[in-house]
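Take a look at it first, and then we'll go from the inside of one chain out to the partner chain.

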There are 2 protein chains.
Amino acid sequence: MRIGELARRTGVPVPTIKYYSREGLLPAGERTSPNQVAYDDGHVRRLKLIRAMLEVGGLSIAAARDVLAEVDSPHRTVHGALGVAQSAVTRSASERGGQEDWERAEAEVSELVRRHGWTAKPENPGWQSLVQIVVTYRDLDRGDLLVLLDKYAAAAGELASAELAALAHAPSTDGKVEGVVLGTVLGDAAMSALRRIAQEDASSKLQGARRSA
Amino acid sequence: MRIGELARRTGVPVPTIKYYSREGLLPAGERTSPNQVAYDDGHVRRLKLIRAMLEVGGLSIAAARDVLAEVDSPHRTVHGALGVAQSAVTRSASERGGQEDWERAEAEVSELVRRHGWTAKPENPGWQSLVQIVVTYRDLDRGDLLVLLDKYAAAAGELASAELAALAHAPSTDGKVEGVVLGTVLGDAAMSALRRIAQEDASSKLQGARRSA
């Protein structure tokens with residue numbers, strides 16, 4: 001198909017398609033004559049994946065490029081794609097506060113990971129984020145809210161098993177690798193969205209209970 | 001204290017403190033002489049809260065301003081602060097895809113909310129995000145991954161109850177309102193971080209099991 005048809009089928013404007021192509025997110029089409037390029041269903045799918053990462057997942061162009069390079073790599077694995085997708089969605093932690101606070105928080109996170117029987121290492125993109133969050137809660141004297149971390153961790157552990165089980169049904173390595181990318185990028189957004197709905201519900205029920213008390 | 005001392009105690013540079021003040025995030029200090037302004041512990045705490053929202057939570061200046069206006073409102077409530085904080089951390093959903101796809105996804109989300117016994121309404125900031133996510137999964141023919149939504153929802157429901165229970169221990173309305181803001185802004189980040197650690201663990205255990213099989 002020509003670029004106009006590709007735009008029509010995906011809802012992505014032609015200049016945007018050209019931009020993604022220049023930025024290395026979308027493979028070039030096949031040149032069929034000096035001024036005509038043909039695209040196929042693979043381009044349709046790739047454009048949908050790009051839009052999912054950028055618009056729904058909020059990734060930067062550079063982060064999406066890293067993820068797609070892994071998706072396209074001949075050496076791609078589910079575990080490798082998970083690492084790259086995780087790095088892409090994680091904001092880097094800026095080290096603030098005293099070194100002592102930071103070390104204490106590091107030790108707390110290590111202990112939490114050990115308590116949940118996890119083998120993950122401090123190189124995991126979530127690890128430093130979590131240390132920064134603990135430092136922040138402590139800095140604001142809100143250590144009271146840290147009791148929630150064990151509950152989050154227990155839920156995260158259960159969900160991770162369910163996520164990998166869902167992936168196991170995908171028929172091919174490509175399907176699994178794409179699934180782990182989507183699960184990381186959209187799964188986070190889905191969990192956050194559901195947390196908002198559940199929190200509103202819990203809060204309004206509590207408010208109602210207080211009113212009728 | 002003077003602004004230099006405020007900067008030293010919070011680690012926030014003087015020009016940044018002035019910027020937050022101009023942007024309406026930090027209340028003005030008390031002018032004690034024509035060229036001297038005094039700040040107090042309230043300013044220290046507020047600066048820490050601002051940094052938590054901007055640097056750890058990734059909020060924009062405008063979103064942080066909205067949240068702080070609610071924190072400072074004489075009519076503040078936990079339920080109100082939750083709504084404002086939720087809106088601040090939610091990326092707005094851009095409606096893409098056909099109207100039919102969108103309506104089908106709306107119906108799926110309504111059904112999910114009903115199934116979990118929630119009273120939340122489509123105005124909840126998470127609702128439209130979730131509809132967009134469902135549209136995206138369907139558009140990519142990855143309806144197989146939607147089975148995870150019920151698991152996320154069940155976990156989100158349990159966590160919301162635990163979050164509100166943790167808040168109940170805060171001694172004052174101010175403490176509760178601040179707690180709900182931090183819980184929304186940092187709680188999302190904490191959950192995402194723990195998901196990365198748990199996913200790495202689950203994935204590496206699965207990889208290990210395959211290798212030894």
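## Domains of chain A

The domain bounds used here come from an automatic or database domain assignment. For chain A that assignment gives domain 1 (3-56) and domain 2 (88-212). Their C-alpha centres sit 34 Å apart.

Before going on, a word on the ground rules: this is a predicted model, where local features need pLDDT of at least 70, side-chain atom pairs count only at pLDDT 80 or more, and totals for chains, interfaces and linings use all residues. Residues are numbered from 1 along each chain as its sequence is written, chains are lettered from A and ligands numbered from 1 in the order in which they are written, and side-chain values use heavy atoms, with hydrogens and water left out.

## Where the two domains touch

With contact taken as heavy atoms within 4.5 Å, five residues of domain 1 of chain A touch six residues of domain 2 of chain A. Together the two domains bury about 460 Å², 73% of it on carbon and sulfur atoms; buried area here is the accessible area (1.4 Å probe) that two parts lose on being put together, summed over both. On the domain 1 side of chain A, the residues losing the most area to domain 2 are A:Leu49, A:Met53 and A:Val56, which together make up 68% of what that side buries.

What about charges? The rule finds one salt bridge across this domain interface, a salt bridge being a side-chain nitrogen of Lys or Arg within 4 Å of a carboxyl oxygen of Asp or Glu. The side chains of A:Arg45 and A:Glu178 form a salt bridge at 2.8 Å, N to O. Sorted by class, the side of domain 1 of chain A that touches domain 2 has four nonpolar, no polar and one charged residues. In that scheme Ala, Val, Leu, Ile, Met, Phe, Trp, Tyr, Cys and Pro count as nonpolar, Asp, Glu, Lys and Arg as charged, and the others, Gly among them, as polar.

## Chain A meets chain B

How many residues does each chain bring to the contact? Chain A puts in 87 residues and chain B puts in 87 residues. The two chains bury about 7,900 Å² between them, with 61% of it on carbon and sulfur atoms. In chain A, the residues that lose the most area to chain B are A:Leu140, A:Arg196 and A:Ile197, together 9% of what that side buries.

There are 10 salt bridges across the interface of chain A and chain B. A:Arg196 also turns up in a salt bridge, with its side chain meeting that of B:Asp188 at 2.7 Å, N to O.

## Tyrosine pairs

Rings of Phe, Tyr and Trp (its six-membered ring) pair if their centres lie within 6.5 Å; planes under 30 degrees apart count as stacked, over 60 as edge-to-face and the rest as tilted. That gives two aromatic pairs over all chains. A:Tyr19 and A:Tyr20 make a tilted pair, 6.0 Å centre to centre with 45° between the planes. In chain B, the rings of B:Tyr19 and B:Tyr20 have centres 6.0 Å apart and planes at 45°, so this pair is tilted.

Buried or partly exposed: which is A:Tyr20? With buried meaning under 20% relative accessible area, exposed over 50% and partly exposed in between (1.4 Å probe, protein chains only), A:Tyr20 is buried because its relative accessibility is 5%. A:Tyr19, at 32%, is partly exposed. Over in chain B, B:Tyr20 is buried at 5%, while B:Tyr19 is partly exposed at 32%.
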